[in-house]
Amino acid sequence: MLDQIALLAAVTVLGVLEQAYFALQVIYARRKYSVSPPDTAGPPEFERVFRAQANCSEYFPIFVSVLWVAGLFFQQGVAAVCGLLYLYARYQYFQGYRLSAHGRLEPMYFSAKVLWILIGLSMAGLLGHFLSLNSFVGRMEIPSKLQLLFRW
């Protein structure tokens, strides 16, 4: 069983470590530019680091969710490779945004494409699961009144 989820777990832990790195970068930027919490406004250099971290954090739950669904219902290896590509793109996004607002665009578009691929794999895997479940239900010996519930 663990072999079936080990790659997904490894990518998830890498993602958590990446999120921790981004949060630390905000702490360092706060010190460097003298922006005390709870303030979020400061020099543009600070604001870019702050926004990059916030943007990455906003998408992280979506990423982890579709990573696991794609890995469990489609194929673990494919999902893990997509996950690694996504994490690399988000790292590039963070570094690019830190330097300039324009520097975030290419990695942002790439990470969005990878996220859509994971969503597509998740949907394909779930569809395959439910279609096979539907054929299983059709073969079951179910009393005639209950069979009406399963005629889709």
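## Basis of the model

Helices (H or I, at least four residues) and strands (E, at least two) are DSSP runs, numbered from the N terminus. The model is predicted, so that local features need pLDDT of at least 70 and side-chain atom pairs count only at pLDDT 80 or more, while totals for chains, interfaces and linings use all residues. Residues are numbered from 1 along each chain as its sequence is written, and side-chain values use heavy atoms, with hydrogens and water left out.

## Annotated segments

An unreviewed UniProt entry places the feature "transmembrane region" at residues 67-89 and 110-131; such annotations may be inferred rather than shown by experiment. Residues 67-89 are 91% helix and 0% strand, with the end C-alpha atoms 15 Å apart. For residues 110-131 the figures are 100% helix and 0% strand, and the end C-alpha atoms lie 31 Å apart.

## Packing of α1 and α3

Helix α1 (residues 6-33) packs with α3 at an angle of about 10°, the axes being 9 Å apart. Axes are lines fitted to C-alpha atoms, for helices over the stretch in contact, and angles run from 0 to 180 degrees between N-to-C directions. The angle makes α1 roughly parallel to α3 (under 35 degrees; over 145 is roughly antiparallel, 65 to 115 roughly perpendicular and the rest oblique).

The contact (heavy atoms within 4.5 Å) includes Leu 14 and Phe 22 of α1, and Leu 87 and Phe 94 of α3. Its residues divide into 13 nonpolar, six polar and three charged; Ala, Val, Leu, Ile, Met, Phe, Trp, Tyr, Cys and Pro count as nonpolar, Asp, Glu, Lys and Arg as charged, and the others, Gly among them, as polar.
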